[in-house]
Amino acid sequence: MIEKLKHKYALSSKGAKDMVRAFIAVTLSNLVLMLPVGLLYLLASYLLDNQLPQEKFVFFLIAIVVILICIALTNVFQYRATFFFNIC
């Protein structure tokens, strides 16, 4: 795959590897951005049944904080991989 990228876009070996790293970072960032939707779906299913147990409320609060941290970390990783090319 790196050889195809090198040939198609006239990249060096390092440039092709950096491009693959940026692809991975963007994909990971987009996958993490799907987590709040899944959490909202789960919360909505409890709310539509008119029952939200106390232990689930704590779970949702912790999940929201964890997801926000994951979003921040993956966005920083994606930004650095896309624009700086030397994140190692």
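Which pattern does the protein follow, read along the sequence? The pattern is α-α-α-α. This is a predicted model: local features need pLDDT of at least 70, side-chain atom pairs count only at pLDDT 80 or more, and totals for chains, interfaces and linings use all residues. Residues are numbered from 1 along each chain as its sequence is written, and side-chain values use heavy atoms, with hydrogens and water left out.

**View 1. Overall fold.** The protein has 4 helices and 0 strands. Helices (H or I, at least four residues) and strands (E, at least two) are DSSP runs, numbered from the N terminus. Along the principal axes, the C-alpha atoms fill a box of roughly 60 × 20 × 15 Å. The radius of gyration is 19 Å, whereas a compact globule of 88 residues would have one near 12 Å. That radius is taken over C-alpha atoms, and the globule rule is 2.2 Å times the number of residues to the power 0.38. Of the 88 residues, 17% are buried. Buried means under 20% relative accessible area, exposed means over 50%, and partly exposed lies in between (1.4 Å probe, protein chains only). The accessible surface comes to about 6,700 Å², and carbon and sulfur atoms hold 71% of it. Areas come from the Shrake-Rupley method with a 1.4 Å probe; for residues, only the protein chains shown count as cover. Among contacts with a separation of 6 or more, 50% join residues 24 or more positions apart. A contact means heavy atoms within 4.5 Å.

**View 2. The largest nonpolar core.** Six side chains are the subject here: Val32, Leu39, Phe60, Ala63, Ile67 and Ile71 make up this core, 6 residues in all. H4 gives the largest share, 4 residues. A nonpolar core is a set of buried Ala, Val, Leu, Ile, Met, Phe, Trp, Tyr and Cys residues joined through side-chain atoms within 4.5 Å. What does Val32 touch, leaving aside its neighbours within four places in sequence? Val32 is in contact with Cys70, Ile71 and Thr74.

View 3. Leu47, Leu52, Phe57, Val58, Leu61, Ile62, Ile64, Val66 and Leu68 make a nonpolar surface patch of about 780 Å². Patches are made of residues with over 30% relative accessible area and no salt bridge; like charges are joined within 9 Å, nonpolar side chains (Val, Leu, Ile, Met, Phe, Trp, Tyr) within 5 Å. Helix H4 (residues 54-83) supplies the largest share, 7 residues. Leu47 sits in helix H3 (residues 35-48). Leu47 is partly exposed, at a relative accessible area of 47%.

View 4. The structure holds 3 salt bridges. A salt bridge is a side-chain nitrogen of Lys or Arg within 4 Å of a carboxyl oxygen of Asp or Glu. Side chains of opposite charge can pair when their charged atoms come close. Glu3 and Lys6 meet in one of these bridges, at 3.6 Å from N to O. Both lie in helix H1 (residues 2-9), 3 residues apart, about one turn of the helix. Glu3 is exposed, with a relative accessible area of 55%. Lys6 is partly exposed, at 22%.

View 5. Lys14, Asp18 and Arg21 are linked in a network of salt bridges. Is Asp18 buried or exposed? Asp18 counts as buried, at 7% relative accessibility. Lys14 pairs with Asp18, the closest N and O atoms being 2.8 Å apart. Lys14 and Asp18 are 4 residues apart in helix H2, so about one helical turn separates them. Asp18 also meets Arg21, at 3.4 Å from N to O. Asp18 and Arg21 are 3 residues apart in helix H2, about one turn. Lys14 counts as exposed at 51%, and Arg21 as partly exposed at 28%.

**View 6. Lys17 and Leu5.** Lys17 is found in helix H2 (residues 13-32). Lys17 is partly exposed, with a relative accessible area of 48%. Lys17 and Leu5 are 12 residues apart in sequence and 9.1 Å apart in space, C-alpha to C-alpha.

**View 7. Two loop residues with positive phi.** Most residues other than glycine have a negative phi. Ala10 has a positive phi, near 55 degrees. Ala10 lies in the loop between H1 and H2 and is exposed, with a relative accessible area of 71%. Asn50 has a positive phi of about 55 degrees, although it is not a glycine. Asn50 lies in the loop between H3 and H4 and counts as exposed at 72% relative accessibility.
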